[in-house]
Each structure stands twice: as C-alpha cells, then as structure tokens.
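Work through the exercises below with the sequence and the model open. Try each task before reading its solution.

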Amino acid sequence: MKKMMVVLAATLLASVSMGQAGGAKATTLASARAKITQVIDNPSEMTALMSGLSADDQKAFLSEVNAAILTMPGDEAERTAKYVAITDAALAGAQKGNALALVAEVFATVPPASLAAVNESLGAGLMNRAADKGVTYTDDQYIKIAQTVMERVNERVANEDNSGVRSGFAALMLIRGSNSASNDAIYDAIVEAMPEASRNDAKVEWFPAALGRDREKSYEPMLALTDGELTNPLDYDVQHMLSIRVPGPMNPIGVLADISGSSTDKSLTPDTINPVVDAIQNPTDYQLPSLGAGAPFDDPHHMVDWVTRRPMSQPEEPIHGYQYQTTR
C-alpha cells in the first residue's frame, strides 16, 4: 500500500504523466535557456523541450522561465495567463517521478497573485482527483497523496518570500482537486498538512474566503499579506496631486514625513499632517503661512521662527506674503 501511495504521489493524479515516455531527444540546459523567449511566446513548445531535460535541469529551467515571465512587458493578467499555460505544459513533459518536484517548483517561483489562477487551473485539470479515468481514489488514498504533495511543497517554499501563502495556494489546489471541497475530513486533513504557523489563518480566514464558504469568494485575505500588495484601504487620488515649491530648510521635514508614511495618512487631522503635504491636501490651508508664524499663528506675543521654532522679537507689523499669494 505504501509503495502504491509513493507511485501515486510521484505521478500526481493522473495526466501529469503525459509526456513521460522515454526516448525524448536529450537537451542541454544551456540550449533550453536559449529558447526561453520562444517558449514564453508559445507555451505549447514547453512540453517537448522539458521532455529532453534531466530531472534536475527540468526544475532549473522551469524556475528560469517563471523568472523571465515576471520581467516580461504587459499587465499582471497577461503574465498570469503565461504562468498557467507554462505550468501545464511543463508538467506534461515531466520526467518520470519528477512531477511532484515540478509542482513544488511552481508554487515556489510563481508570484502569489498569479498562484490564485494557477491553483484553480491545476485543481480542475492535471491535479484533479478524477483526471485519470482509469483510477478511482478513495478519500483515504487522496488524503495520503495530498499530505505527500504538501510535505514536498512546504519543504521547497520554506525559504521563499510569503512561504505560508504559497503553501496555502498548494493546499487550495488539493482541496479543489479533491472534488469534495465540502468534505470536512479531506478539508481538515489538507489544512493540517500546512505549516503550523499558517494553519489557523488558513482555516479561519484564507480558505473560507477563497472557496466562498458562506461568504463572497475572494483571495484578498491571502494576497493582502504578500509583498507588493496594497494593504492600506485608503484610496488616494494620485491623478490630482499637486506640486508646490518648498523652502530648502523644509525639505528634510517633508522627506522624513513621507518616509514614515504619516504625511499621506488621511485618517490624521489637518493639524497633525506634515505642513508641506498639508498645503496640498487640506482645502483650509491653501495660503502660505505668515513669516514668523508660531503657535498660535496670529498671536503677536508668541512669535517664533518658522524653521528653528525659537522665539523671535516681535516686528512692528506682522509680515505676510504678497497679496493673493497662495500655494495654488
């Protein structure tokens, strides 16, 4: 029984074994690299090219192709479509016993945002429980296969960025591929096969949202944790931002505020926003401050230098900008 499980996990649920027949013309990794642009443009050529590589070279080549897709021009949707097509083609050309390693490589090298589509594609296709029409897997058999897959994926992604989320997408692929997403025994077993640090988040928040369990389907709880994702819910109108001339001594203050992120936080009140940014965003503060203004700005008995904040002698008459001078 154990031997059968190892074979099942290695060939990974069916069609992954397509293209594993021997006799493919040997290809060197160097010659394959020369065709990276070609296979990205035409992913169907990936299968034949992979078939001629050794098992180790297959992993290396798949990783390099995925890295190249990340730098290709176009929007995220176009790159995601390439990841999906390349993944299917690569698995179809896997060397015998190497499919599991390639699956782990996919979840380690494809950006998390694109894994949202990759997990659905694999779960409905090559990694689906019913993909091999000649074999019917019991729940227990499928759980053991899923645990083997998760073990390999967890090991491969452990040192990658967003490793917990990457493992989560692999688990989602297996839950979808079980064709029994509502089966708590399978669901719970796959969740338990995830890294311990991510299990609770996956069970309570990530998977119910991703699978649409009693809520609207969304990957946001997972993707909000990944690098480069917008996690701040505030919506900034960047198309209507303005530029103003800033006196030299004020530059460091504005820069420090921007670095800290405090100057663009709309939850702050106008009096706590950096004065440089405040001059743009606060409609009540379009006028330039009076020279020598302090706190309170209009009290002649508390005049301080605007830059040094040190007390200064009271001029005979408050000095203001010239008539109609504003930051607009």
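**Exercise 1: Two helices side by side**

Asp139, Tyr142, Ile143 and Ala146 of H9 touch Ala185, Ile186, Ala189 and Ile190 of H11; contact means heavy atoms within 4.5 Å. Helices (H or I, at least four residues) and strands (E, at least two) are DSSP runs, numbered from the N terminus.

A note on the source: this is a predicted model, local features need pLDDT of at least 70, side-chain atom pairs count only at pLDDT 80 or more, and totals for chains, interfaces and linings use all residues. Residues are numbered from 1 along each chain as its sequence is written, and side-chain values use heavy atoms, with hydrogens and water left out.

Task: Sort the residues of the contact of H9 with H11 by class, then describe how the two axes run.

Solution: 
- Step 1. Apply the classes. Ala, Val, Leu, Ile, Met, Phe, Trp, Tyr, Cys and Pro count as nonpolar; Asp, Glu, Lys and Arg as charged; the others, Gly among them, as polar.
- Step 2. The contact of H9 with H11 has seven nonpolar, no polar and one charged residues.
- Step 3. Take the axes, which are lines fitted to C-alpha atoms, for helices over the stretch in contact; angles run from 0 to 180 degrees between N-to-C directions. H9 (residues 139-157) and H11 (residues 184-192) cross at roughly 15 degrees, and their axes come within 10 Å.
- Step 4. Name the arrangement. Angles under 35 degrees count as roughly parallel, over 145 as roughly antiparallel, 65 to 115 as roughly perpendicular and the rest as oblique. H9 and H11 are therefore roughly parallel to each other.
- Step 5. A crossing is right-handed if the near helix is turned clockwise from the far one by less than a right angle, and left-handed if anticlockwise. H9 passes H11 in a right-handed crossing.

**Exercise 2: Pairs separated in sequence**

Task: How far apart in space are Ala197 and Gly164, and Ser182 and Leu211?

Solution: 
- Step 1. Ala197 lies in H12 (residues 196-210). At 75% relative accessibility, Ala197 counts as exposed.
- Step 2. Ala197 and Gly164 are 33 residues apart in sequence; C-alpha to C-alpha, they are 7.6 Å apart.
- Step 3. Ser182 lies in the loop between H10 (163-177) and H11. Ser182 counts as exposed, at 66% relative accessibility.
- Step 4. Ser182 and Leu211 are 29 residues apart in sequence and 9.6 Å apart, C-alpha to C-alpha.

**Exercise 3: Positive phi**

Task: What are the phi values of Asn162 and Asp214?

Solution: 
- Step 1. Most residues other than glycine have a negative phi.
- Step 2. Phi of Asn162 is positive, near 55 degrees. Asn162 is in the loop between H9 and H10 and counts as buried, at 17% relative accessibility.
- Step 3. Asp214 has a positive phi of about 60 degrees. Asp214 lies in the loop between H12 and H13 (220-223) and counts as exposed, at 84% relative accessibility.

**Exercise 4: The chain**

Task: How many helices and strands does the chain have?

Solution: 
- Step 1. The chain has 15 helices and zero strands.
- Step 2. Of its 328 residues, 42% are buried.
- Step 3. Among contacts between residues at least 6 apart in sequence, 67% join residues at least 24 apart.

Terms used:
Buried means under 20% relative accessible area, exposed over 50%, partly exposed in between (1.4 Å probe, protein chains only).
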